[in-house]
Amino acid sequence: MSATAQDPAPEQDEFPGVPQLRGEVAFRLLVDAVQDYAIFLLDPQGHVLTWNRGAERIKGYSADEIIGQHFSVFYVPEEREAGRPMRLLGLAAEHGRYEDEGWRVRRDGTRFWADVILTALRDDDGTPYAYAKITRDLTERRAAEEQQRALLIEQRARTAAEEALLARDRFLSIAAHELKTPVASLQLSAESLVRARDADRMDDERLSTGLQRMTKAAERLGDLVRELLDVSRLSAERAPLVLKPTDLAAVIRDVLARFEEQGEMHRIRFAGPVALWIPGDVARLDQVVTNLVDNAMKYSPDETPIEVELGTRDGTAVLEVRDRGIGLDEATVGRIFEPFGRAENAEHIQGMGLGLYISQQIVSRHGGTISADPRPDGAGAVFRVTLPGAEESAE
């Protein structure tokens, strides 16, 4: 008996009792069943071709109501008028895929925040024959993010208010301490002169000494008040700069001459060009140099040298003031240019900690920078100022 071919065994269902679904029919049913995403097709001109349950739930239109309409109805009026819907189709055609977030409009006119992905479907020659559009409703997520941002802003505002209160208390403490010294000196000198007069022991020498002490105390008070006014004016930008061609080298020499009158010039070593011109405010630059040199003097042991050097780098004036004082650490560097910022080990130094802050404000308004670094050997600090528009002159 000759062999006969066996018929192939019938194909077994993978899931008995469940109808076999194949190809496009299965895909359409899958897409239609999705309710968390609006998934539909657009023709090349932007008209709606298909509609799933998710699109009906999110956008509010039934398939009968929306198929055939232009997808621009989903956009807010101002974006429709600006032609944004068709621009997005153009971007999807150009790049193959485009993702966008923004406000969209439901059938009842309410708005929701949507994440939209547009994908170009191309035929064999690369021409888009349709666009797949997937939309997610992110309104609740956006609301949660907005609430989180609001809480963060509130927390930052609360922190800033607490820091402002701490800064105020610190200011009052420092100001009270600094103002108390010259006020007490004035009071003691005046009382001393009154007692001498009442006891008929007033003479020219006693009067001269008392007046000198009172004058010195009054000058110190005046300096403190000027610092406070400078901080107020610079912070509120009520102190406009008067910019004109300024010889920075001459400004530095004028400042150092004043220190020479105080008997301190023997400590200062200056190196720089004969003249270095920049656009600047003479009075304010004088203030910066004075603050830096005075700061170096206050924080350095007696008789240690103060080095002042002026030069240029790539059209920028560079001023360095180097001392061999108490030095700087990382925490101090981050604080000394803030109002009332002082080194932790500088409680014995007079001053309210405003000079470097004022200098930073002035330099910044000149378009420059100011910084501080510890010296490489750790003994002292280097303060560096850069100012734009430098022109060195040998004359």
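1. Eleven helices and twelve strands make up the secondary structure here. Keep in mind that this is a predicted model. Of the protein's 395 residues, 35% are buried. If you take the contacts with a sequence separation of 6 or more, 58% of them join residues 24 or more positions apart. The exposed surface comes to about 23,700 Å², with carbon and sulfur atoms supplying 53% of that.

2. On to the cores. The largest nonpolar core has 38 residues, and Leu248 and Leu292 are the ones that touch the most other members. At least two residues of this core come from each of these elements: helices H8 (248–261), H9 and H11, plus strands S7 (275–280), S8 (306–313), S9 (316–322), S10 (369–374) and S11 (381–388). As background, nonpolar side chains tend to be buried together in soluble globular proteins.

3. Have a look around Leu248. Beyond its neighbours within four places in sequence, Leu248 is in contact with Leu276, Ile278, Leu285, Leu310, Ala317 and Leu387. There is also a second, separate core of 21 residues, and Leu42, Val48, Tyr75 and Ala120 are among them.

4. The H9/H11 pair is worth a click. H9 covers residues 282–298 and H11 covers 355–365; the two pack at an angle of about 145°, and their axes are 9 Å apart. The crossing is left-handed. From H9, the residues involved are Arg284, Gln287, Val288, Asn291, Leu292 and Asn295, and they meet Gly355, Leu356, Ile358, Ser359, Ile362 and Val363 of H11. By type, that contact splits into six nonpolar residues, five polar and one charged.

5. Asn291 sits in H9 and is one of the residues meeting H11. Is Asn291 buried or exposed? Its relative accessible area is 17%, under the 20% cut-off, so Asn291 counts as buried. Apart from neighbours within four places in sequence, Asn291 is in contact with Gly355, Ile358 and Ser359.

6. Now for Phe40, in strand S1 (residues 37–42). With a relative accessible area of 2%, Phe40 is buried. Not counting residues up to four places away in sequence, Phe40 touches Val48, Thr50, Trp51, Ala55, Lys59, Phe74, Tyr131, Ala132, Lys133 and Thr135. Val48 turns up again in the second core. As for Gly54, it lies 14 residues from Phe40 in sequence, and the C-alpha to C-alpha distance between the two is 9.4 Å.

Terms used. Residues are numbered from 1 along each chain as its sequence is written. This is a predicted model: local features need pLDDT of at least 70, side-chain atom pairs count only at pLDDT 80 or more; totals for chains, interfaces and linings use all residues. Side-chain values use heavy atoms; hydrogens and water are left out. Axes are lines fitted to C-alpha atoms, for helices over the stretch in contact, and angles run from 0 to 180 degrees between N-to-C directions. Helices (H or I, at least four residues) and strands (E, at least two) are DSSP runs, numbered from the N terminus. A crossing is left-handed if the near helix is turned anticlockwise from the far one by less than a right angle, and right-handed if clockwise. Contact means heavy atoms within 4.5 Å. Ala, Val, Leu, Ile, Met, Phe, Trp, Tyr, Cys and Pro count as nonpolar, Asp, Glu, Lys and Arg as charged, and the others, Gly among them, as polar. A nonpolar core is a set of buried Ala, Val, Leu, Ile, Met, Phe, Trp, Tyr and Cys residues joined through side-chain atoms within 4.5 Å. Buried means under 20% relative accessible area, exposed over 50%, partly exposed in between (1.4 Å probe, protein chains only). Accessible areas come from the Shrake-Rupley method with a 1.4 Å probe; for residues, only the protein chains shown count as cover.
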